Amino acid sequence: MWNYLLKRVALALLILFGVSALIYLLSMLMPADYIDNQTAAAVQMGTMTLDDVQRLKELYGLADKSLPGIAKSYLKWLTSALSGDLGYSFVYGRPVTDVLSQYIWISFLIAFISYLLEIVIGIPMGIKASVNQYSAYDYTVSVFAMMGTALPSFFLSALLMNVFAIRLGILPLQGLTTATKIFPHNAYFQILLDKAWHLVLPITVLTLLGVGGLMKFTRTNMLEVLNSDYIRTARAKGLSEHTVVYKHAFRNTLIPLVTSLSGMLPGLFGGAMITETVFAIPGIGYMALRATQQGDIPFIMGYNMFLSILTVLGMLISDIMYMVVDPRVKLS
Amino acid sequence: MGLLDKWRQIKQAEAEQGIDHTMYLTLKEERRISRENNRIIRQFEREKNRKNVPEEEYLTKMRDPNNVVEFENLHTYFFTDVGTVKSVNGVTFDIPQGKVVGVVGESGCGKSVTSLSLMQLVQAPQGQIVSGSIRYQDRNGKCYEITKMPRDKMLKVRGKEIAMIFQEPMTSLNPVFKIGEQMDEVVLLHEEDATPKMARERSLEMLNLVGIADPQKVYNNYPHELSGGMRQRVMIAMALSCTPRLIIADEPTTALDVTIQAQILELLRDVKNKINGSIMLITHDLGVIAEMADYVVVMYAGRIIEKGTVREIFHNPKHPYTIGLMRSKPSGKTKDNRLYSIKGQVPNPINMPNHCYFFNRCDRAIEICAEEYPEMVQFTDTHSAACHLCRNGGLMDTNSTKEQR
Ligand SMILES: Nc1ncnc2c1ncn2[C@@H]1O[C@H](COP(=O)(O)OP(=O)(O)O)[C@@H](O)[C@H]1O
Ligand code: SF4
Ligand SMILES: [Mg+2]
């Protein structure tokens, strides 16, 4: 098993390398780079010449867009990245690692709370739906789950904003703090409460988007387990339906649940780009979108590498958890 | 001629001969079936879910106090999307105290569903006991009507009074719990004021009883660490742990190697002598029946076509199907003494004919066989068969069989 994990890690490193090269190439080939974006207005008004622009591009390392040129600058990026230095963000003017470490936390907080909510809502609902297969409850829950998974997040966000922030006015529309309120410096609790209040809608959106999938996943796995021979054995022993479902069946459903849920944990740091943007939450997803729109190559590279590493970590955690919860997988 | 025309021609010809390979359902029919099913199922489920049912409603009397279980005209149907599958379609037989009753028949003839009906374990909601009765007599001489018994009362019968051993030892144990845990559970559930320590001792004792050399080790094993034969031993040990009055063994050796089969049978026989209970032994292996059973019930397409003592069935079979089974059974103890060697197929369980179900495969059919279903003819107190040829007192009396015509 450890051998297998080692192989997984080696493969992951290879994939990371390939992904980084590809993303680098693609971002270098974007038609208008960061300097073009920044200087377009000035050039038009005649305050800057094309020579100035070219000099700026050289300064930023964006001048040579030929393949060998890109390869050279990629290698430069790679060597410094391997030593932990992801370079300076063009847009934010700070080291990429600084920006990452500052903004991932709010993203993680939102994602983690909705992750917990999804678990406490989705799993019991999935179990109940599977136990009452084809009942009115099952159909209702399935339809809502499908709606939640199928709705685009910006649409769902807009809908909830419209209803709760604009029409009813009971929840804030955007941002993380109420701009019109001035809190005394020592009112930590009030500030915290205000922030939490702002997070209600984004968390609701993320929960609604994710809970349907988890519910379906639980339901499908429970149904499979409930139809297996050992459940018939459990019933033939005279165990109550409650024990059969929540002990014998659920303990088996826990295997796929734990492996997939634990694999999702690292990804919670990755940020929810669309939702954060719609709600103007200064999380890492929001920051990444802004940087990407402006061609901030160091940030794009840093952020995407961060995401890839999170994915790889998720896979590893999944594998390890699988060994922990399934006695059939030998730890040797 | 186009392919389509040809196909139509074939279908036309088949229709004229009354051959129908598949059931074609229009959307409307399908919806009608589904609506009808839902209605029926809801009715049955409501009945079963009733709480605080007074005991008088499901107390009954045995026809013969020497029986542990009496099936009478049992009908168990599955209400599926393509129609009603009459899996058990009027089954009547007894399981006497301390005897082994063998139930034989081809795969799909309703053996398992009969036994699951007795445990109230037919896959709900589609599967329902539609009519008939199953009477069960407990140790104190109290008789229950299983078909009317509320669910919570049934939990006290399962595993304690009637235990079950299944065909697939590889999948019948829960993969995530240790053997010990799964065994202790039964004892803790059914024995009054059982302690974990007591349960553990009982489990180890049972493992020892079924011939497991190192009970301590097996007790701490997970199912996947054991072989098929070992798992079946564990299943038997588990079934024995509350000394049930009846053990249902549903093809307990079918999934095992030949050598292991013999060992498990040996064990079952051993166990039967030790616990003085009854066994309902389901199998499609006549060799097993010959060695183990006192009485034999032969099923075909959801009905009993012949039943009797082992002697009667083996030495004096009356029904052409039973005779066919005897003939297809190899004399020696080889590995493939299964029942598949009679030509032809069982009729579609959704569209049962109104004549003898064996008609399309029977080489002795006479005219009346295509017209009505034969009634049970009694030969002795214990021996009876359902065949038109038997009406004059036995098969040999009739000479207008197909062969001779
Ligand atoms: N859950 C189910 N749903 C629909 N039909 C079923 C179900 N279980 C059994 N049947 C049908 O009932 C019939 C008898 O099955 P069974 O008792 O398992 O046969 P066997 O004699 O091999 O044990 C078969 O035709 C089978 O298709
Ligand atoms: S009733 Fe007729 S068709 Fe049926 S088994 Fe007897 S002889 Fe054959
Ligand atoms: Mg069966």
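In this predicted model, a polar side-chain atom of Ser112(B) lies 2.6 Å from an oxygen atom of ligand 1, a polar contact being a pair of N or O atoms within 3.5 Å; within protein, one atom must be able to donate a hydrogen and the other to accept it, and residues adjacent in sequence count only if both atoms are side-chain atoms. A polar backbone atom of Val113(B) is 2.9 Å from an oxygen atom of ligand 1, and a backbone N or O atom of Cys109(B) lies 3.3 Å from an oxygen atom of ligand 1. On its own, ligand 1 has 560 Å² of accessible area, of which the protein covers 70% (Shrake-Rupley method with a 1.4 Å probe; for residues, only the protein chains shown count as cover).

The shell around ligand 1, formed by residues with a heavy atom within 4 Å, includes Phe78(B), Thr80(B), Glu106(B), Lys111(B) and Gln123(B). By class, three residues of this shell are nonpolar, seven polar and two charged (nonpolar: Ala, Val, Leu, Ile, Met, Phe, Trp, Tyr, Cys and Pro; charged: Asp, Glu, Lys and Arg; polar: the others, Gly among them). Strand E1 (67–80) and helix H3 (111–118) of chain B each supply at least two residues of the shell, and H3(B) gives the most, with three. Helices (H or I, at least four residues) and strands (E, at least two) are DSSP runs, numbered from the N terminus. Around ligand 2 there are 13 residues, the closest being Cys356(B), Cys362(B), Cys369(B), Cys387(B) and His388(B). The shell of ligand 2 divides into ten nonpolar residues, two polar and one charged.

Side chains of opposite charge can pair when their charged atoms come close. Over all chains, the structure holds 26 salt bridges, each a side-chain nitrogen of Lys or Arg within 4 Å of a carboxyl oxygen of Asp or Glu. In chain B, Glu70(B) and Arg135(B) form a salt bridge with an N to O distance of 2.8 Å. Because Glu70(B) lies in strand E1 and Arg135(B) in strand E4 (residues 127–137), this pair ties together parts of chain B that are 65 residues apart in sequence. Glu70(B) is buried at 0% relative accessibility, and Arg135(B) is buried at 8% (buried: under 20% relative accessible area; exposed: over 50%; partly exposed: in between; 1.4 Å probe, protein chains only). Arg135(B) also meets Glu72(B) in a salt bridge of 2.6 Å, N to O. This second pair links strand E4 to strand E1 of chain B across 63 residues. Glu72(B) is partly exposed, at 32%. A network of salt bridges links Arg63(B), Glu70(B), Glu72(B), Asp94(B) and Arg135(B).

Chain A has 13 helices and zero strands, and its C-alpha atoms fill a box of roughly 85 × 55 × 40 Å along the principal axes. Of its 332 residues, 42% are buried. Asp319(A) and Arg8(A) form a salt bridge of 3.2 Å, N to O. Asp319(A) lies in helix H13 (residues 297–325) and Arg8(A) in helix H1 (residues 2–28), so the pair ties together parts that are 311 residues apart in sequence. Asp319(A) is buried at 11%, whereas Arg8(A) is partly exposed at 24%.

Residues are numbered from 1 along each chain as its sequence is written, with chains lettered from A and ligands numbered from 1 in the order in which they are written. Local features need pLDDT of at least 70 and side-chain atom pairs count only at pLDDT 80 or more, while totals for chains, interfaces and linings use all residues; side-chain values use heavy atoms, leaving out hydrogens and water.
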